[in-house]
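Hi,

Here is the structure I promised to pass on. Have a look at it first, then read my notes below.

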Amino acid sequence: MALYEGIALIQEKQAVVLDLGTDYTKFGFTGEAAPRCIVRSEFWCPATRRYRRLHDYRSAAELYDNLVHMLHQLYFRHVLVNPKERKVVVVESLLTPTLFRETLAKVLFIHYEVSGVVWADSPRLCALTLGAPAVLVVSIGAKDVEVAAVVHSCVVLHALQSQPLGARAVHAELARLLDEHNGGPLHLDDQVIEDIKVKTCFVTSRARAAQWSSGRPPQPAALPGLRARLAAELRHLVTQPPYCDTLHVREFKFHDAPAAPNACAWLGGAVLGAGEAGAGRVLARDQYAREPRLRDWVCLLDNTPPAHPHRAYLDI
Amino acid sequence: MAYLTQPDYVKYICSCGQLKPITSLYFCRHCLKIRCGFCICHEVDSHYCANCLENMPSSEARLKKNRCSSCFDCPSCFHTLSTRATMAQPRQVVQDPAAGGDTKVESKQPKKMYYLSCFNCRWTSRDVGIPDQPVASGGWPERTNPHAARVNQLLEYYKAIALQEKQEKIERERKKFNIRGKYITLTDKTGLTGAMARNIAGLPSSESSSSAIASFVPSQAKEEVEELPEDIFTKEVNLNQITSMPQRLASPEWQPSSVSRLHPLAKLLSVKRSQRCRACDHNLTKPEYNPGSIKFKIELLAYYHVPEVKIISHEPVKPGGKSALLLKLTNPTGHEMQLRLLQPEDIPPPEEKEEPKSIEKSLERSLNLEKDTSSLKPMEVVCPPAATSRVRAPDATLTLAQRDDAAEYDDDAQHDTNDIIMWRKSNKLALRLEVETAEGAAGGAAAAALVALQYSYRNTVPPAAAAAQPRDHTLYTTVLLDLGTVSSN
């Protein structure tokens, strides 16, 4: 055991991978095949005596508080390690608000004193779990569905698509149908609706959906039959104008990621953080101390090409 | 008890600006400042199982993925599973008499077999086909992640790529500075080849890394997708057979969708935490190692060092009016305490400490300047909380006796009362104060008053080697009193 301890001392501490979703948070260690915990993104607030959702905030200070509480719970209840002097891989959407990213960076670097953070976007991480050179990542989250093409680990940002048709859309529709059937508002708990959704909902086949013929919204979320329906819809749509004239793709193939669908991006983070590849892309604490800003694809400081005439004026 | 069951009527302002009741505050005896859970550093101290109260060294906990090896949770309702014993008749060898064999009845003793059962929801390990175990604890089949092999391939592949990336970088650097210096490198002198150097450095040889890249098969996309089963439209839904979301997420590796795939969950360990002051790195609390003990080795709670303020009662607060306020002050320390009530704005700003002028210190400071961690200061709440009322602080210094546990038993209150002091009893003191409310206070709004306390504190930390530190200090703290709501008339 003594030898083992010695190795542990020399080795760098195993980094953690953090994926703060709207509904569920995935948290675990790099190099592992599955997150240690998938928990609801909420924490017990003793002042108001109820659970508080991480993403319910009105100001940066409130978000800072929320993140401190959430991370405390994750580190000391679920993963049981010291946050200090440990690297973090943050899995984030490309459309994460800047306020959220910057506040998270502040919480991690200042409050929890982590040694470094790797910021990684979920489409690229999903592609990383496949190893395939060119993939189209359709990620169906709680709020939004994001479609991003990843070619050789580069996201085609101009082709990024997002629609608010995530699990919440199913949720709202289910609540509406139940209320309608009841003849009045039921005020069902979120958990109850989630339970109904997870136990009974599925995505019906295209043929049956055509018979319904009402303009109901498409049904997202990782429900049984979703892939089959998606494939059927795509194969149907390419035969219809305008796609049949402009899009010369007739084949649609689907990948199977080596992870549960809700932890796919997380697994990408775990794979990225395990090797030296992650170490090279880390934003170290002292670097953040010198210049507390994050690289972002929307920021002109980061996305001006080197040959661009404006580049000369930028102090980079 | 009042602190557990009732709302926090009296809140202290922590040195970081947070408002907290005295029971959730710490007091650093080295910085002489109040600290709270927000501005201290939490650390994992020891791992233990909350069910069997067994300690686990942290290295072992890491190996076992923070799970207890002998306790299990119910996968259905998350209650702790119990081990049940049954007498099992060992299976007798049935021989066919027609085959001419003599039927031997094996006279084996019935064997004790164990299975796991939940006393809350009646789930048992037999429900999902886990065979009974011959030993009471441990030996339960462990499942491996179905994707483990593929994930390991991925890890190896990306490790190899990272290595290649690194080597290419080194290669490029070398090309950049290709001028051989006058120094003989190690490889020249000893005739070490690159492969050997890599071997010495513990890096895998270049062949193996390239083989990992070559042998990697990217995920193959498939045209066919899993169709929705046809009978889904006709089969009756049995909700008891489908797992709920919490049941699925309790085992993130498998996430079973059917109840028949639920497996016992090894109990997650808990940790004892120790707390450390961020400013001086001293421990504020340190728990005892024994998981069964709830005591602390170090316990610097504000409750033991800072005068406690409680509201006995108060008159309703009216806009522009005066109302009486009865406060109880308690001295929790073992020394006599001099106490004064002040207005919050009368607290003198913390004086800058004169740094001892030594070379080492100035060197240290210049080094710190170089690092420049000023932007890494924790977030502090600077604006004081809004108060609708002011407490008319009496211009008198009150003396509170030290805490004396024996004094609990004599119940005759001392009667040196005056117009401010209502009564006095050992280390406690009741004050009659007046609260002035602002004219513009809106009716129905929450009424609150800020009052500052100046108190003397005797530091009992053994002084550092021969340093003549002052033992008596004058400290300040600010308290926010919750006075209900402003009455509207």
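**What I found**

In chain B, B:K286 stands opposite B:I298, which belongs to strand β13(B). Before going on, some housekeeping: this is a predicted model, where local features need pLDDT of at least 70, side-chain atom pairs count only at pLDDT 80 or more, and totals for chains, interfaces and linings use all residues. Residues are numbered from 1 along each chain as its sequence is written, while chains are lettered from A and ligands numbered from 1 in the order in which they are written.

Back to β13(B): three bridges join it to strand β12 (residues 283–287) of chain B, and the two run antiparallel. (Strands here are DSSP runs of E, at least two residues, and helices are runs of H or I, at least four residues, numbered from the N terminus; two strands pair if DSSP finds at least two bridges between them.) Both sit in an open, antiparallel sheet of five strands, ordered β6-β5-β11-β12-β13 (chain B). Its edge strands, β6 (55–56) and β13 (296–299) of chain B, each pair on one side only.

Chain A has an open sheet too, with six strands in the order β3-β2-β1-β6-β7-β12 and mixed pairing. Here β1 (residues 16–20) and β2 (residues 24–29) of chain A pair antiparallel over five bridges, and A:L18 has A:F27 in β2(A) as its bridge partner.

A:L18 turns up again in the largest nonpolar core, which has 86 residues; A:L18, A:V89 and B:L269 are among those with the most contacts inside it. (Such a core is a set of buried Ala, Val, Leu, Ile, Met, Phe, Trp, Tyr and Cys residues joined through C-beta atoms within 7 Å; buried means that 20 or more other C-beta atoms lie within 10 Å of a residue's own, with C-beta atoms placed from the backbone.) Helix α10(A) gives the most to this core, with eight residues.

Why is α10 (residues 264–274) of chain A largely enclosed by the rest of the structure? Because eleven of its eleven residues are buried, including A:W266 and A:L272.

Finally, the two chains touch: 51 residues from chain B and 54 residues from chain A take part (contact means C-beta atoms, placed from the backbone, within 7 Å). On the side of chain B that touches chain A, α3(B) gives the most, with twelve residues.

Enjoy exploring!

Definitions and conventions
Buried ≥ 20, exposed ≤ 12 C-beta atoms within 10 Å, placed from the backbone.
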